Amino acid sequence: MKGVGSPELSPDGRWVAYTVTTRVEATNGETSEVWLTSTTEQWAVIAVQGPNARKVIEPLVSGIDLSSSAMPHMSMREGRICGVPTRLFRVSFTGELGYEINVPADYGRAVWEAVYAAGSASGIVPYGTEAMHVLRAEKGYIIVGQDTDGTATPDDVGLGWTIGKTKTDFIGRRSLALPAMTAPSRKQLVGLLTVNSDIVLEEGAQLVADPRQPVPMSSVGHVTSSYWSPALQRSIALGMVKAGRRRVGETLHVPMPNKTIAVNVVPSQLYDPAGVRLNG
Amino acid sequence: MVEILAKRQGPLDHLAGARGAAVELSVAPPRAKFALRCRADAVAATGRAFGIVLPHEACRATVMEDGAALWLGPDEWLLFAAEGDADATAGQLATALGGTHHSLVDVSHRSCGFTVHGELAATVINHGCPLDLSHASFAVGMCTRTVFDKAEIILWRVDKHTYHVEIERSYAPYVWNMLVEAREEFA
C-alpha cells in the first residue's frame, strides 16, 4: 500500500488490529484493496496500574522483559501471561506505572483472578471509572468530549507535538492552518487551583478576569473537569481558557450565585509533572 | 510449549437449563477460528493448506473432521479448526497465502458457537430471524450472515433439524436467552 496507513501486524503476521475494507485511492493515484476485520471482541483487556504493577504481574509473565529499559512507557510486547498469549501494553491513563494486559477473551476472567491474587500482598483493588477520572485529571490527561468539544485542536490541549510537521498533506491539515485555528487568543487547556484549596469548583463554571465588571460579564474560559484530589490533598480542576498557556501565574475568578472563587492558572499536569512515577 | 495455566471461560458457560426441551441448545466446544479475506487466485492453495476446499458457491459450508470453511462473501470465509491446531493451522495458511493479497486474522475468541437442534428448530430460530429456512431456500450445508433480533449472527444448517449459530461473544447470552424464551412456547 502506498499513501495509506498500514494495519498493525505482529511479527508473525497473524494478528491484525484492523484492515480496511474499501478501495483506497492514495494521493499518487494508485489504488489498494484492503480488508477490515474487527477484533474488538477477540480480546479482553485488564489495566494494572500503580507503583507495584510490574512487581505484581512479573511472576505471571513469560517471554517479556518488563524492566523499564527493555519495555518503556508507551511500548508493546508479545509474550505469555499465565501461559496464555498476550499483547502487553505499557500504557497509563492514571499517571502511574501501568500495563494493559490483552489476552484472548475466554482467558480474561482467569487472568484477572490470577493478577488479583498476585496483587493481594500489595493491597490490589479494582478501580472504576470515577477513580480513573480523578487519577487522569491529576495528570492533566483529557477526556475527549469532557475537556474538549468539537472546536478543540490538538494544540489547544497541548498535543500539538502529535502532528507530523514534515508531512506534506493529511486530512485536516488545511483546517489546522486557518488563521482562526492558530489565533493566540484560542482557548487552551490549563490547570486551575482554587486559592482556597478546600473549594471544589463546579464543572462548567465560567471564568472571568475581573469579577467586579458589570453583568453580563465577559468570560475568558470555563471549568471542564473538577475533583477533590486525594493524592494532592486539595481540590483540582482543568479548564479551557483563552490564551491559557500565557496566563499561567495569573489569578482568575469564578462568579457563583453568592460568592466569587479565586483560582490560580497553572500548567495542566498537576501531579508528577516530570513523569517520575509514570516512567518508573 | 508453555503450559496454559488459565482456564478458558466462554460467555455461555454460566447459562444452564438448556437441555430437555422441545428444541435443544448446546454450546459448541471451543475451536480455532480464522477470518479470511482473499482473492480468487489464493483460494485453491489456501484450501489445500487448510485441508478443506473453500466453497466457491455462495452461502455454502464444507466440513471435514474438526474443520469447516464457511462462505460468507465472494472474498470472505470463516474457517474452523480444532482448538489445539490453531498455531499450526495459522502457519500453514499464512504460508499458502504468502505472496497473495489477503487478510488472515485469528478470531478464535471473538465469537462462540452453539447448536439449536430439534424438529421445531427452524420455527424457534424464526422467532428472531426473518430468513426463509425451508429446505428449498436454506438447504443442509448452507450458511449465511444474518440477524437474530437485534444481533448479527452466522447461521449454518448442519443437518435437517440442527443449526449452528455463531455469535460474537458479548451478544451470545442475549441471543441464547431469546432462543430459550422462544422455545418455551413449544415445551
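Guide: Let's start at Asp149(B), in the loop between strand 8 and strand 9 of chain B. Helices (H or I, at least four residues) and strands (E, at least two) are DSSP runs, numbered from the N terminus.

Visitor: What is the phi of Asp149(B)?

Guide: Near 50°, a positive value in a residue other than glycine. Most residues other than glycine have a negative phi, and most peptide bonds are trans.

Visitor: Is Asp149(B) buried, partly exposed or exposed?

Guide: Asp149(B) counts as partly exposed, at 36% relative accessibility. Buried means under 20% relative accessible area, exposed over 50%, and partly exposed in between (1.4 Å probe, protein chains only).

Visitor: Before we go on, what are the ground rules?

Guide: This is a predicted model, where local features need pLDDT of at least 70 and side-chain atom pairs count only at pLDDT 80 or more, while totals for chains, interfaces and linings use all residues. Residues are numbered from 1 along each chain as its sequence is written, chains are lettered from A and ligands numbered from 1 in the order in which they are written, and side-chain values use heavy atoms, with hydrogens and water left out.

Visitor: Which residues of helix 1 of chain B are buried?

Guide: Ala42(B), Val43(B), Thr46(B), Gly47(B) and Phe50(B). They fall within an arc of 135° seen down the axis of helix 1 of chain B, so they line one face. The arc is that of the directions from the helix axis to the C-beta atoms.

Visitor: And what is exposed on the other side of helix 1 of chain B?

Guide: Asp41(B) and Arg48(B) are exposed there.

Visitor: What covers the buried residues of helix 1 of chain B?

Guide: The cover includes strand 2 (31-38), strand 4 (67-73), strand 5 (76-82) and helix 2 of chain B. Just after helix 1 of chain B, Gly51(B) has a positive phi of about 85°.

Visitor: At what angle do helix 1 and helix 2 of chain B pack?

Guide: About 155°, for helix 1 (residues 40-50) and helix 2 (residues 86-97) of chain B, with the axes 9 Å apart. That makes helix 1 of chain B roughly antiparallel to helix 2 of chain B. Axes are lines fitted to C-alpha atoms, for helices over the stretch in contact, and angles run from 0 to 180 degrees between N-to-C directions. Angles under 35 degrees count as roughly parallel, over 145 as roughly antiparallel, 65 to 115 as roughly perpendicular and the rest as oblique.

Visitor: Which residues make the contact between helix 1 and helix 2 of chain B?

Guide: Helix 1 of chain B supplies Ala42(B), Ala45(B), Thr46(B), Ala49(B) and Phe50(B). From helix 2 of chain B come Thr89(B), Gln92(B), Leu93(B), Ala96(B) and Leu97(B). Contact means heavy atoms within 4.5 Å.

Visitor: Now helix 4 of chain B. How many residues does it have?

Guide: Helix 4 (residues 172-184) of chain B has 13 residues. It reaches 19 Å from its first C-alpha to its last, close to the 18 Å expected at 1.5 Å a residue. The expected span is 1.5 Å times one less than the number of residues.

Visitor: Which of the residues in helix 4 of chain B are buried?

Guide: Ala172(B), Val175(B), Trp176(B), Leu179(B), Ala182(B) and Arg183(B) are buried. Their arc is within 125° down the axis of helix 4 of chain B, so they line one face. Their cover includes strand 1 (24-27), strand 7 (111-117) and helix 3 (121-125) of chain B.

Visitor: Over to chain A. How many helices and strands?

Guide: Chain A has 5 helices and 13 strands. Of its 280 residues, 44% are buried.

Visitor: Where does Leu66(A) lie?

Guide: In the loop between strand 4 (61-62) and strand 5 of chain A. Leu66(A) is buried, with a relative accessible area of 1%. Leaving aside neighbours within four places in sequence, Leu66(A) contacts residues including Arg54(A), Met71(A) and Tyr99(A).

Visitor: Which peptide bond is cis?

Guide: The one from Val215(A) to Pro216(A), with omega near 0°. Pro216(A) sits in the loop between strand 9 (206-208) and strand 10 (219-229) of chain A.

Visitor: Last one: where is Asp272(A) found?

Guide: In the segment after strand 13 (259-266) of chain A. Asp272(A) has a positive phi of about 45° although it is not a glycine. Asp272(A) is buried, at 14% relative accessible area.
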